[in-house]
Amino acid sequence: MAEASRWHRGGAPKPKLHYRKEVEIRTTLQELSLYFIFLINLCILTFGMVNPHMYYLNKVMSSLFLDTSVPGDERTNFKSIRSITDFWKFMEGPLLEGLYWDAWYTNKTLYNLKNSSRIYYENILLGVPRVRQLRVRNNTCKVYSSFQSLMSECYDKYTSSNEDTSDFGLKQETEWKYSTPDSSSPWHWGFVGVYRNGGFIFTLSKSKSDTKNKFINLRLNSWITRGTRVIFIDFSLYNANVNLFCIIRLVAEFPATGGIITSWQFYSVKLLRYVSHYDYIIASCEITFCIFLIVFTTQEAQKIREFKSAYFKSVWNWLELLLLVLCFVAVSFNIYCNIQIFLLLEDLLKNTEKYSDFYFLAYWYIYYNNIIAITIFFAWIKIFKFISFNKTMSQLSTTLSRCLKDIVGFAIMFFIIFFAYAQLGFLVFGSQVDDFSTFQNAIFAQFRIVLGDFNFAGIQQANRILGPIYFITFIFFVFFVLLNMFLAIINDTYSEVKADYSIGRRPDFELGEMIKKSYNNALEKLRLKKPQKDEDNKGKGDLAEQARREGFDENEIQSAEQMKKWKERLEKKYYSSEIQDDYQPVTQQEFRELFLYAVELEKELHYVSLKLNRVMRRISALQ
């Protein structure tokens, strides 16, 4: 009977539960300490890849090639190019002046021009720049029959199937002849198309005058035609002062609608990884990272082998697997980038008269950097696994898990209304307002409206009737109604969770209490602090002595001490911890009385249940 009662109250005997709890605490602290070392190592590794000079190098180069105006026309620079005439003005003006720095500001020659140009006197131009054009064939689209007498030619937007690979113009130099694309080079994702490598290519000369004559010759012989869809200007720089490569790509897209759309890419990357002493420290962090990765992979494999399908029921285990996958992808990218740099860097620097294609190396280096950034993001998120044992964090996780169903239902309703408004905005304002020019832009524009960033004047100008109606109703339903419903769901659930915690529901153990207890035990072992039991006994003796001085007799004092011991045993038996929350629906005394009554009632019900079972067995036997 006693064994059944003990099993009914909690399952395993208390010493065994206490032992399992101690093992869990010790294991959690070990995992937390090991993970903090891993996280610190990962932070050193990731921040060692980033150099503050990267931003300043990109900034100074973008200012030189994007913001420098055409001589005699202060309003025209690369960002403001809108016509073929503006494009040739840029090529023969700001681009030419920006690429060739052959003298100091006192017109004194600093070095031999045949070696290489040095932009801003500090950045060596690697090889020579390259200009590349992609074209489409004529009659790639169909002209309506009524307009065929007015327009016989038709050039569609760029696709790989529409690309023109036939020679044109003078058909003498490489710029008039098609060059097949390199399969290893990445495609370029522009504003109005995705462009592959290859095309009609020419490289610039080491001489500024020769390059200018080249531009003039191409302009006079109509190198840019109606079939032109994009022109790439690629070149690379190296700054030895900060050990950084700057790979620059200027893009001018010629959409089928006419005009020019410009874009640009400035990639400052550290391709030479191990040069200084600090770089070798980063290398040691990379080795440590790989060791941690092997250890964590072994641990997760053991857990999967032990728990089998139950392992995948925990969200934290899925996060562990995602983090491991990202780490392996990051290591793979790092190895691939280092191998490619080792194989290609020497060949790229060998011939200074040819174009050095560092864009391929920078492309994969940027991908590696992005993977590392995502990895460290989820590595920090994993910290919640350990601090969830804290009371506050446990309340947060419990709140989110309880209101998950309500949030999913709310999200369905929210996105139905949200996408309905997005489609309305795209169809009504898409042809006139840039924020609604595509369906994707319309979605992000509405998120910005919720955050207070909107262009009401543009919406109103596009449609004076539907514009204000769209804006007012969207603000009312989405901002005032739906968002407040979302906050109400979370707020009500949090209030329920806080009420549960206020009447005794707490985590199995709190991380702060674990650390505090370990710290006190360490001080007691070092004899820097008196044991807690001695302090309690001393406190009890002081209270008894104070009671005698106040006139209480020995029987009253003994009776009070006995009641206190009974109270402590009762609390130890029925309570996991003291109630310390500020929010209390009932007083502690009322809760204790109700709890004791519930315990006695449970015993009576258990006794009645046993009696009923005996009666039912006897009735069954009689039948």
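Is Cys141 buried, exposed or partly exposed? Cys141 is partly exposed, at a relative accessible area of 26%. The views below come from a predicted model.

**View 1. The disulfide between Cys141 and Cys154.** The structure holds one disulfide. It joins Cys141 to Cys154, with an S to S distance of 1.6 Å. The torsion about the S-S bond of Cys141 and Cys154 is about -110°, so this disulfide is left-handed. Cys141 and Cys154 both lie in the loop between β2 and β3 (188-189), so the pair ties together parts that are 13 residues apart in sequence. Cys141 is partly exposed. Cys154 has 12% relative accessibility and therefore counts as buried, the cut-off being under 20%.

**View 2. Cysteines Cys246 and Cys290.** Cys246 counts as buried, at 1% relative accessibility. Cys290 is partly exposed, with a relative accessible area of 31%. The cut-off for a disulfide is 2.5 Å between sulfur atoms.

View 3. Helix α5 covers residues 208-220. At 1.5 Å a residue, its 13 residues should span 18 Å. The end C-alpha atoms of α5 are 19 Å apart, which agrees. Thr211, Phe215 and Leu218 are buried in α5. These residues cover an arc of only 65° around the axis, so they sit on the same side of α5. What covers the buried residues of α5 includes α4 (84-99) and β5 (200-203). Just after α5, Ser222 takes a positive phi of about 55°.

**View 4. Strand β6 between its partners.** Strand β6 covers residues 228-239. In β6, 12 of the 12 residues are buried, so the strand is largely enclosed by the rest of the structure. Nine bridges join β6 to strand β2 (residues 123-135), and the two run antiparallel. Leu126 has Ser236 of β6 as its bridge partner. Strand β7 (residues 244-253) is joined to β6 by 10 bridges, also in an antiparallel arrangement. Across that pairing, Phe232 stands opposite Val251 in β7.

**View 5. The hairpin of β6 and β7.** How many residues lie between the strands of this hairpin? There are four residues between β6 and β7. In this hairpin, Asn243 takes a positive phi near 55°.

**View 6. The largest nonpolar core.** In soluble globular proteins, nonpolar side chains tend to be buried together. Here, the largest nonpolar core has 42 residues. Phe65, Leu95, Trp223 and Leu250 touch the most other members. Elements that give two or more residues to this core are α3 (52-66), α4, β2, β5, α5, β6 and β7. Helix α4 gives the most, with seven residues.

View 7. Neighbours within four places in sequence are left aside here. The contacts of Leu250 include Phe65, Leu66, Phe78, Phe90 and Leu95. Leu250 is also in contact with Ile231, Phe232 and Ile233. Further contacts of Leu250 are Ser263, Trp264 and Phe266. A second, separate core has 23 residues, including Cys403, Ala445, Ala462 and Ile489.

Definitions and conventions: Residues are numbered from 1 along each chain as its sequence is written. This is a predicted model: local features need pLDDT of at least 70, side-chain atom pairs count only at pLDDT 80 or more; totals for chains, interfaces and linings use all residues. Side-chain values use heavy atoms; hydrogens and water are left out. The expected span of a helix is 1.5 Å times one less than its number of residues. Buried means under 20% relative accessible area, exposed over 50%, partly exposed in between (1.4 Å probe, protein chains only). The arc is that of the directions from the helix axis to the C-beta atoms. Contact means heavy atoms within 4.5 Å. Two strands pair if DSSP finds at least two bridges between them. A nonpolar core is a set of buried Ala, Val, Leu, Ile, Met, Phe, Trp, Tyr and Cys residues joined through side-chain atoms within 4.5 Å.
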